[in-house]
Amino acid sequence: MNASLDVATVAPFVVRRAERADLDALEALEGAFPGDRISRASFARFVANTATDVWVAQRDAEVIGDAVVVYRRGFVSARIYTLVVAEHARGTGVAKALLAHAERGARERGCVTLRLEVRDDNESAIALYRRSGYEVVGRTADYYEDGSAALRLRKRFVGADAHLLRVPYYAQTLDFTCGPAALLMAMRAVGWEGTIGQEQEVAIWREATTVYMLAGHGGTSAHGLAVAARRRGVRARVWVDTAAAAFVDSVRDAGKKAVIELAHRAFTSELASDPDAVRVGEFTVHDVVGALARGEVPVVLVSAARLHAERAPHWVVITGYDDDHLYVHDPHLPDGTERADGVHLALPRRDFAALSRYGRARHRAMVVLAPSP
Ligand SMILES: CC(C)(COP(=O)(O)OP(=O)(O)OC[C@H]1O[C@@H](n2cnc3c(N)ncnc32)[C@H](O)[C@@H]1OP(=O)(O)O)[C@@H](O)C(=O)NCCC(=O)NCCS
């Protein structure tokens, strides 16, 4: 049997990656899109960009549909930026095929969730996504230029073996309170019953800060966070690569260094009453997974440069794991993102060692909170 004839009968179109030569077609397809449109210049960037997958469906010589998937640095959560099929080609399975390719591409990159927004009155698209296993995770009023609302949909590829702890999400409300925000989430997950909000966030920041970072905002150290948790009756252990004060090499000013040392000594002496409170040494992803398996919640220092392209130390909560990933609540929501963008984000286990260190000293720190016995 003639193979190409066979393909032509079974699949009257093919799906492939877009090239620059497709820009005219992509631009024309967007014309059929209701509301906000993607410009030709944006398509050119998407096609050239390795952080984006652009898929096109082609029947004979004609491009009849496209799908764009955007990946976020560091994490393995992807977003369908657009999906459109030419009007005359609708109802023949083109969108379904594009979506299948988009999902396969995302999974090949190790992604475990795919997200998208759709107009809440776009019945055909909503039907398509629901049938393909997407669930509605929220609704945003006034999302589109014309003021109409968007439904937010998500599909998870999390394996059945994923072990996720119930950790509430709380976004930091200030630039420098990732540590307190992460600690609040973790404390609640291990049974703390206090009120999560800005008052506690700032109170913990004031208690746990040792350092003057960059322009002068204080950051929080593992020791400081553990002290703040313990003062609230939560069992907290520190695991750090050095007994020395964190971040000292991030400041030049001798006076600031002295303040950091002083705060660190105070935290250390407050923790000294418990011989298990501080452990000095390297930790691995296996230690993190071991803690999670016991129901403990690790709050880990990571390099924000790898997640948000900002040069700062950053605290996140580890919320679960599967064979290939760790899951993270990231308290920092960059402009234009929303809660769903910070919740149970997956990062490859193999990236953990590189991610969980900060600064020239390659400092590593985590605070592990345990449920009350
Ligand atoms: C939504 C859209 C992409 C669907 O494309 P399509 O190629 O016609 O869809 P398919 O033929 O692959 O259909 C797949 C599934 O979608 C659903 N669907 C598609 N069109 C539908 C319609 N008019 N009414 C109800 N369900 C519909 C069906 O569940 C269908 O599965 P089934 O055929 O097994 O029942 C297309 O209508 C389009 O481009 N619309 C304008 C752009 C847009 O709204 N994009 C989505 C924004 S996020």
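# A walk through a two-domain model

Domain 1 covers 3-156 and domain 2 covers 163-370, with bounds that come from an automatic or database domain assignment. This is a predicted model, where local features need pLDDT of at least 70, side-chain atom pairs count only at pLDDT 80 or more, and totals for chains, interfaces and linings use all residues. Residues are numbered from 1 along each chain as its sequence is written, and side-chain values use heavy atoms, with hydrogens and water left out.

Now for the overall picture. The C-alpha trace spans about 75 × 40 × 35 Å along its principal axes. In secondary structure, the protein comes to 12 helices and 17 strands; helices (H or I, at least four residues) and strands (E, at least two) are DSSP runs, numbered from the N terminus. Of the 373 residues, 51% are buried. Here buried means under 20% relative accessible area, exposed means over 50%, and partly exposed is in between (1.4 Å probe, protein chains only). Take the contacts with a separation of 6 or more: residues 24 or more positions apart account for 64% of them, a contact being heavy atoms within 4.5 Å.

On the domain 1 side, 13 residues are in contact with 17 residues of domain 2. The size of an interface is often given as the accessible area lost when the parts come together. Between domain 1 and domain 2, the buried area is about 1400 Å², and carbon and sulfur atoms give 53% of that. (Buried area is the accessible area, with a 1.4 Å probe, that two parts lose on being put together, summed over both.) Strand 5 (113-119) and strand 7 (150-156) are the elements that give two or more residues to the side of domain 1 that touches domain 2. What about salt bridges across this interface? The rule finds 0 of them between domain 1 and domain 2, a salt bridge being a side-chain nitrogen of Lys or Arg within 4 Å of a carboxyl oxygen of Asp or Glu.

Elsewhere, salt bridges do turn up: the structure holds 15. One of them pairs Asp-53 with Arg-17, with the closest N and O atoms 2.9 Å apart. Asp-53 sits in strand 2 (residues 52-59) and Arg-17 in strand 1 (residues 14-17), so this pair ties together parts that are 36 residues apart in sequence. Asp-53 counts as buried, at 3% relative accessibility, while Arg-17 counts as partly exposed, at 41%.

Another salt bridge joins the side chains of Arg-40 and Glu-27 (3.0 Å, N to O). Arg-40 belongs to helix 3 (residues 40-48) and Glu-27 to helix 2 (residues 23-30), and the two are 13 residues apart. Both Arg-40, at 34% relative accessibility, and Glu-27, at 38%, are partly exposed.

Arg-139 and Asp-120 form a salt bridge too, and their closest N and O atoms are 2.7 Å apart. Here strand 6 (residues 135-140) holds Arg-139, and the loop between strand 5 and helix 5 (123-131) holds Asp-120, 19 residues away. Salt bridges that share partners also join Glu-207, Arg-231, Arg-232 and Glu-270 into one network.

Next, have a look at helix 6 (residues 178-189). Its 12 residues reach 17 Å from first C-alpha to last, close to the 16 Å expected, where the expected span is 1.5 Å times one less than the number of residues. Is helix 6 buried or exposed? Because 10 of its 12 residues are buried, helix 6 is largely enclosed by the rest of the structure. Among the buried ones are Cys-178, Pro-180, Leu-183 and Met-187. After helix 6 comes Gly-191, whose phi is positive, near 110°.

Our last stop is Asp-324, in the loop between strand 14 (313-321) and strand 15 (325-329). Asp-324 is exposed, with a relative accessible area of 51%. Leaving aside residues up to four places away in sequence, Asp-324 touches Leu-347, Pro-348 and Arg-349.
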